[in-house]
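Open the model in a viewer and keep a selection panel at hand. The stops below are meant to be taken in order.

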Amino acid sequence: MKFFKGALCGALATLLAVGLMSCGLGFGGSRGSSQAISSETEKKLKMLEQLVDEIYLGEINEEDLQSGIYEGYISGLGDPYSVYYDEEATKSFMEATSGEYDGIGAVMTQSRDTGIITISQVYKNSPSEKAGLKAEDVLYKVEGKEVTGRDLSEVVGDIRGERGTEVELTVLRGSRNEEVTVTAVRETIEYPTVESRMLEDDLGYLRILEFDDVTYDQYMTAFKELENSGMKGLIVDLRNNPGGGLGTVCDILDEILPEGLIVYMEDKNGERQEKSSDEAHKLEIPMTVLVNGNSASASEIFAGAIQDYGLGEIVGTQTYGKGVVQQIFDLKDGTCVKLTISEYFTPKGRSINGKGITPDVEIDYEADEENPEKDNQLEKACEVLSEEIER
């Protein structure tokens, strides 16, 4: 086990000299600077290293130990949105934000309180649909290992993999928590992040599943198709949309809002950064926005801006309440760290972190077992929009 010698303290040195310092996140001179890494910390790590090296029975993997130090340091912040990613997780994370990846084609959300991971969306004709997974399934195990409470990004990284390979998933289904195990064959997936269709009375329906790099172009294509079909009013469905890129949601809102503020952020020093729309585009038809408890982050920026400008009624249930912004920092060795860097506010200065967006028209979703396609929330949004068109 002598190959382990120096792993812990070597990792600590890397963390200090290469990782955080290379990102301009050193430990001196700024408000709230960390005092966690000190001479006492180094001394204690050396004691742990000696105990493990001389007494620990199991196999030791130096890379895993180093990664564990970094993960533990960021985990110690107690922030569910700040995460250290090793090389494999970094690759998966970057693929996720690009909108194309090798995986099973499902959207997953995680409860902040319980750590439970739920499948909120299953893409059409995807490996997940072919395997028999369904929306509202609770993800229980991946390859036989329980996942509740683990970081969602890490779990997603385990599910993704090389095209043509298999992954075994166990879910809990229905009110009786029936345990169902399926095997999905991974494929290259381009996120179908936007769905659209014309409804009755010339109402356009546009659903945004996530705000990824590919979403703006997909949105514009779908919107123009609806517009060319004679759309008189637009319903934007953000239910179960976990969020995504700030730049993407602002680009889409720039096509909808008049000239003015979209959202602003304030960091730990009170410095403010603004995102604004120009006068080039503005939606000229009435709209409504559908939300629920899984509408988070960028979805809440969208709904909050529409609500503040009075451009449409928000319909559904209280949103998730993720009103903080994360930034990715490249640690220059194939790994990265995601840190919460600021809080965002709606154009009228509302903070929604831990609160969410309150709909103008509150209505719970009611499943209809006799007619599974029935959607009472969508029906209400259509009703509200039709009344607005008639005014």
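Predicted model: local features only at pLDDT ≥ 70, side-chain atom pairs only at ≥ 80, totals over all residues.

Residues are numbered from 1 along each chain as its sequence is written, and side-chain values use heavy atoms, with hydrogens and water left out.

**Stop 1: H8 and H9**

Select residues 246-254, helix H8, and residues 298-309, helix H9. Helices (H or I, at least four residues) and strands (E, at least two) are DSSP runs, numbered from the N terminus. The axes of H8 and H9 come within 9 Å and cross at roughly 25 degrees. Axes here are lines fitted to C-alpha atoms, for helices over the stretch in contact, and angles run from 0 to 180 degrees between N-to-C directions. H8 and H9 are therefore roughly parallel to each other; angles under 35 degrees count as roughly parallel, over 145 as roughly antiparallel, 65 to 115 as roughly perpendicular and the rest as oblique. The crossing of H8 with H9 is right-handed, a term used if the near helix is turned clockwise from the far one by less than a right angle, with anticlockwise giving left-handed.

Now show side chains. On the H8 side, Leu-246, Val-249, Ile-252 and Leu-253 meet Ala-298, Ile-301, Phe-302, Ala-305 and Ile-306 of H9, where contact means heavy atoms within 4.5 Å. By class, this contact of H8 with H9 has nine nonpolar, no polar and no charged residues. Ala, Val, Leu, Ile, Met, Phe, Trp, Tyr, Cys and Pro count as nonpolar, Asp, Glu, Lys and Arg as charged, and the others, Gly among them, as polar.

**Stop 2: H7 against H8**

Thr-215, Tyr-216 and Tyr-219 of H7 make the contact with Thr-248, Asp-251 and Ile-252 of H8. The classes in the contact of H7 with H8 are three nonpolar, two polar and one charged residues.

Which residues of H8 are buried? They are Thr-248, Val-249, Cys-250, Ile-252, Leu-253 and Asp-254. Buried means under 20% relative accessible area, exposed over 50%, and partly exposed in between (1.4 Å probe, protein chains only). To see what covers the buried residues of H8, display strand E11 (203-208), H7, strand E13 (260-267), strand E14 (272-277) and H9, which are included in the cover.

**Stop 3**

Go to Asn-240, in the loop between strand E12 (233-237) and H8. Asn-240 has a positive phi of about 65 degrees although it is not a glycine, and Asn-240 is buried, with a relative accessible area of 11%. Not counting residues up to four places away in sequence, Asn-240 touches Ser-120, Gln-121, Leu-209, Asn-292, Asn-294 and Ser-295.

Next select Asn-294, in the loop between strand E15 (287-291) and H9. Asn-294 is partly exposed, at 28% relative accessible area. The side chains of Asn-294 and Asn-240 are joined by a polar contact of 3.0 Å. A polar contact is a pair of N or O atoms within 3.5 Å; within protein, one must be able to donate a hydrogen and the other to accept it, and residues adjacent in sequence count only if both atoms are side-chain atoms.

**Stop 4: Thr-288**

Move to Thr-288 in strand E15. Thr-288 is buried, with a relative accessible area of 1%. Leaving aside neighbours within four places in sequence, Thr-288 is in contact with Leu-234, Ile-235, Val-236, Glu-313, Ala-381, Val-384 and Leu-385.

**Stop 5**

Select Asn-125, in the loop between strand E4 (117-122) and helix H5 (127-131). Asn-125 has a positive phi of about 60 degrees although it is not a glycine, and Asn-125 counts as exposed at 60% relative accessibility.

Finish at helix H6, residues 152-159, whose buried residues are Val-155, Gly-157 and Ile-159. At the start of H6, a side-chain oxygen of Asp-151 reaches to within 3.1 Å of the backbone nitrogen of Ser-153.
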